[in-house]
Amino acid sequence: MTPLLAVKSIAKSYGGRIGCSDVSFDLYPGEVMGVVGESGSGKSTLLNCLAGHLAPDGGEVLFDTRADGPRDTLQMSEPERRMLSRTDWAFVHQNPRDGLRMNISAGGNVGERLMAVGARHYDGIRNKAEDWLGRVEIEVDRMDDRPSAFSGGMQQRLQIARNLVTGPRLVFMDEPTGGLDVSVQARLLDLLRGLVRDLGLSAIIVTHDLAVVRLLADRLMVMKSGRVVESGLTDQVLDDPQHAHTQLLVSSVLHV
Amino acid sequence: MSNYNFAYLDEQTKRMIRRAILKGIAIPGYQVPFASREMPMPYGWGTGGVQVTAACLTPQDTLKVIDQGADDTTNAVSIRKFFEKTAQVATTAHTNAATIIQTRHRIPEAPLTEAQILVYQVPIPEPLRFLEPRETETRKMHALEDYGLMHVKLYEDIARHGHIATAYAYPVKVEDRYMMDPSPIPKFDNPKLESAAIQLFGAGREQRIYAIPPYTKVVSLDFEDYPFEASKADHACDLCGADHTYLDEVIVDDAGGRMFVCSDTDFCAARQADGHRGRLSPTEDAA
């Protein structure tokens, strides 16, 4: 089986400081990979390198494209990469304001990706947007409201709908539950888990919240100072941490 | 006797502007940056259009200047006087007699010919500006032909108003390549962008020149189920009776009285001279 995404020794440094270094892994279709670590451990740098937002200093990111099989996305031309990032890829930002257009209605936000890939039938776009708003539990009568009128949780769900509307195969998520209160977080996680399972999505989830990866991720990578210190099945890593840093992370979780 | 260089600008500046114009014509719809000069009028009064006109004028030209279709409004009168004084060219109000027409917000009703140049005054040349404020990003979008966002604007119109409510500065795609703002002309004029004349667009404050060469394909954006419509007020001109021209609405009293007149004053006057009459035309014996 070809991995959907094969990452080979990705490295990125900011001047003399290491962003991330020598990260390699394979992600298979339908698999969810969690990346955890404390602040500054390089998880967001890694995610941005993979998603094409940052140019890494070295390494390869091979994505299994629909047309030509595995291709190095770092060697692709800008138009190709943009096309990929609005069809087969999705990126969920931690702050929904980064991923949404705040002065455009919810329906327009969901429809943008469709229009960007050439949809020109208004009713078709609207029906699809309606369908997706329903799937992320946003009432249809809020469709023409702007995201600025939405609560934080709704904004995050809208961002997810906007990303998934073109049927991507790979979703990058950067702290998708960050900044939300716990009950809203739980609902969002529930929704995400449902969507990932129903649609057979592959995902890379960056978070510092171990509960999130416990719920969503099949496999886990633990990062520290830009390097991967431990990886394996999620339950295995969390229940039987081997590396000192992982043990520290796991033991730092507060139990109510 | 005038102490101005011909058409106000110095020769080097005119050469620089001509180079930008030629590049614009070579790449239809592409916004060419140019070193816009300070002109003796405020930004927003047509500094871009005036510079383009100055670069195109020759002593043999006949100039017409219109503002919202009219030859006798402040903006048109002062620009016409400006060139009468600095270039001493002949001026006219007749569309057919002009070789260069500078316009603000209208395209003349009479079809233009290959011997004519139409110069537009443009306030904001970037059609994507209100959707994407970053210039670096809009340039990239033009380079990559990444224009999905423009349809989002039209989508928002339909979602909010039930139809495409954008009535002026209606975005067009030129020669299947560049997205272009046709300046704030009413969308009624959009079909006239496919013309025999050379059309030049000058934005002074934003320092951009772009062009549509003669007979270039210009398509107004739309949705399959909400096609583009060149709309106008649903009336006939009250002075000349024309029902196919763009109309201005004029309030005539404080009791709800109103009249509709052609915004193109020259076209309307020519029709009246030909004996066409509208609803509110003065009776023959009164005149």
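A: In this predicted model, 11 residue pairs are in polar contact across the interface of chain B and chain A, both residues of each pair being at pLDDT 80 or more. On the side of chain B that touches chain A, the elements giving two or more residues are helix H4 (135-143) and helix H5 (148-161) of chain B. H5(B) gives the most to that side, with 9 residues.

A salt bridge joins Arg82(A) to Glu137(B), and their closest N and O atoms lie 3.2 Å apart. As for extent, chain B brings 21 residues to the contact and chain A brings 22 residues. The two chains bury about 1900 Å² between them, and 56% of this area is on carbon and sulfur atoms.

Chain B also holds an open sheet of 3 strands, which run in the order E7-E6-E10 with antiparallel pairing. Strand E7 (178-180) and E10 of chain B are the edge strands, each pairing on one side only. From one strand to the next, the twist averages 30 degrees. Strand E6 (residues 172-174) of chain B pairs with E7(B) in the antiparallel sense over 3 bridges, and Lys173(B) has Met179(B) as its bridge partner in E7(B).

Within strand E10 (residues 218-220) of chain B lies Ser220(B). Ser220(B) is buried, its relative accessible area being 11%. Its side chain makes a polar contact of 3.2 Å with the side chain of Asn190(B).

Notes:
Residues are numbered from 1 along each chain as its sequence is written. Chains are lettered from A and ligands numbered from 1 in the order in which they are written. This is a predicted model: local features need pLDDT of at least 70, side-chain atom pairs count only at pLDDT 80 or more; totals for chains, interfaces and linings use all residues. Side-chain values use heavy atoms; hydrogens and water are left out. Helices (H or I, at least four residues) and strands (E, at least two) are DSSP runs, numbered from the N terminus. Buried means under 20% relative accessible area, exposed over 50%, partly exposed in between (1.4 Å probe, protein chains only). A polar contact is a pair of N or O atoms within 3.5 Å; within protein, one must be able to donate a hydrogen and the other to accept it, and residues adjacent in sequence count only if both atoms are side-chain atoms. Two strands pair if DSSP finds at least two bridges between them. Axes are lines fitted to C-alpha atoms, for helices over the stretch in contact, and angles run from 0 to 180 degrees between N-to-C directions. Contact means heavy atoms within 4.5 Å. Buried area is the accessible area (1.4 Å probe) that two parts lose on being put together, summed over both. A salt bridge is a side-chain nitrogen of Lys or Arg within 4 Å of a carboxyl oxygen of Asp or Glu.
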